[in-house]
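Keep the sequence and the 3D view at hand as you read.

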Amino acid sequence: MRFNRIRKLKNQQSSLASAESYEEWCAAAQVYDELSGAQEWREREDTDLYDHRQIRHRLDRLREYRAQGDDHALLYILNEGIHGNMGGMGRSSLHQRSLLGTKYLVEEYVREIADSLEHIANTSTDNISLEAKYDFFHRASLCFGRPALMLSGGGSLGHFHLGVIKALEEQQLLPKVLSGSSAGSVVSAILGTRSAEEFRAYVHPDNLIAESERLREQDVTKFKTADVEASFSRIIPDLTFQEAFELTGYCINISVAPAELHQSSRLLNAITSPNVFIRDAVRASCAVPGVYPPVTLQAKNVYGNRQTYLPQRRWVDGSVSDDLPAKRLARLYGVNYYIGSLINPIVPLANDSVRESSSLRDRAKVFGHQGLTYSVKHLNNLVQKYGKGFPRLSLYTNMAHSVFKQDYSVDVALLPRFENIKLSKLTSRLEPEELLQLLRQGELAAWRNMGRIRTSTRISVVLDKVLVDLDEQMGHGYGNHPGVARGAVKKPRI
């Protein structure tokens, strides 16, 4: 009997891997959950992984007050706390048992919170004043935060990012805040400068294959500066960060690292550098030291003309110093939930999802990474102390140390199958079938985590939507909303 069950589970794994759409994948995942026992686990409320009694009690009260039309009691219980980890319901292990989601009780509770928030937002102002609504939603949004999607560096593997974004956008779960470094900066720029229809056209397999053929004709594998810049000019419109935000409503952020010692990295976006041209930011973030020359940024001045931005500074590959700029996103946008599309080959060694693994092989990788990090740190200290006459060596060892010491932790890690990827592919042109395979891997990684992402971000999406509407009703404009770039003059598309 057990052998037969294992065989059926393996067959379902094949069905999951061959699914052509998210709906088809969900149907296969449902069968898999039933066979594995995960479906029964989802239906059962009790487990020692979270406080199910507290969640059930609050859910019943929310439903009772909303059914009775007692808006003040409903507002009071909402004021008691809207928390993504209420009773431990945000615990990672709660979202790893089932392919489709977590405990039904948790999903029902989150859905009821979202419905209650919309109910309060739409209730008569004779009952709850507009000012009281704004005060409540503003505080709730600041406390709860919002999600961000971070796209790591990873050379030619960037099509994995496109698959992730394609899958999330189709399910209307793509966060409005995105960051990208190196390859991730290219993908964030592609998304953040196009309408939804234009982006869907761009990620269509026929277009991606055509783009691959154009790169083949240019032989971009030789990294000729002129050819790479021509490629960027073709796929990235000549917009500033502010102009792109006004066009799409996406808050895109691009990491760049200094080409000189003793300088700080930057996160370029519509808040910190609204007039900088995105294409130049991408060129800088993709400037791999030793392969592509450092870049001086350009910005649009008050007269609409190009002007050098920080003329004394040159910038290189953003993944060198801040591949996943979580702290900066938290400060700028109130982000507290991070989805990471991670194609940087160092991630399997450093990511928390590996640290928590019980596999001895994975544990060995972590210890290897820790030892290597220490060795690079020690080497860098020696070079900085005794290598004064070798500035280039000092720069490179400092960059290497910066790469290894970074924190690659995220709430949801979307990973490609690194075991099937040769490191030589990071700096080479991919064949059409290879890039389409990466696109599919990105979709599958997102599908596997879609239920978790939907549950974890549902409340913040409602809070942001309501706050934008309330801002409009109160005549506050849109620039002060923490979920969008400050200084915006146009309402973003929600």
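Helix α7 (residues 130-144) and helix α21 (residues 450-474) have axes that come within 9 Å. The two axes cross at roughly 145°. The crossing of α7 past α21 is left-handed. This is a predicted model.

Which residues of α7 meet α21? They are L130, E131, K133, Y134, F137, H138, A140, S141 and F144. Their partners in α21 are S456, I459, S460, L463, D464, V466, L467, L470, D471, Q473 and M474. Sorted by class, the contact of α7 with α21 holds eleven nonpolar, five polar and four charged residues.

Now turn to strand β1 (residues 146-151). Is this strand mostly covered or mostly open? β1 is mostly covered, with six of its six residues buried. In a regular strand, side chains alternate between the two faces of the sheet. On one side of β1 lie R146, A148 and M150. On the other lie P147, L149 and L151. Both faces are covered, and these residues are all buried.

The table lists the pairings.

| Partner of β1 | Bridges | Direction |
|---|---|---|
| β8 (residues 335-341) | six | parallel |
| β2 (residues 177-180) | four | parallel |

L151 stands opposite S341 in β8. M150 stands opposite S179 in β2.

Key
Residues are numbered from 1 along each chain as its sequence is written. This is a predicted model: local features need pLDDT of at least 70, side-chain atom pairs count only at pLDDT 80 or more; totals for chains, interfaces and linings use all residues. Side-chain values use heavy atoms; hydrogens and water are left out. Buried means under 20% relative accessible area, exposed over 50%, partly exposed in between (1.4 Å probe, protein chains only). Helices (H or I, at least four residues) and strands (E, at least two) are DSSP runs, numbered from the N terminus. Two strands pair if DSSP finds at least two bridges between them. Axes are lines fitted to C-alpha atoms, for helices over the stretch in contact, and angles run from 0 to 180 degrees between N-to-C directions. A crossing is left-handed if the near helix is turned anticlockwise from the far one by less than a right angle, and right-handed if clockwise. Contact means heavy atoms within 4.5 Å. Ala, Val, Leu, Ile, Met, Phe, Trp, Tyr, Cys and Pro count as nonpolar, Asp, Glu, Lys and Arg as charged, and the others, Gly among them, as polar.
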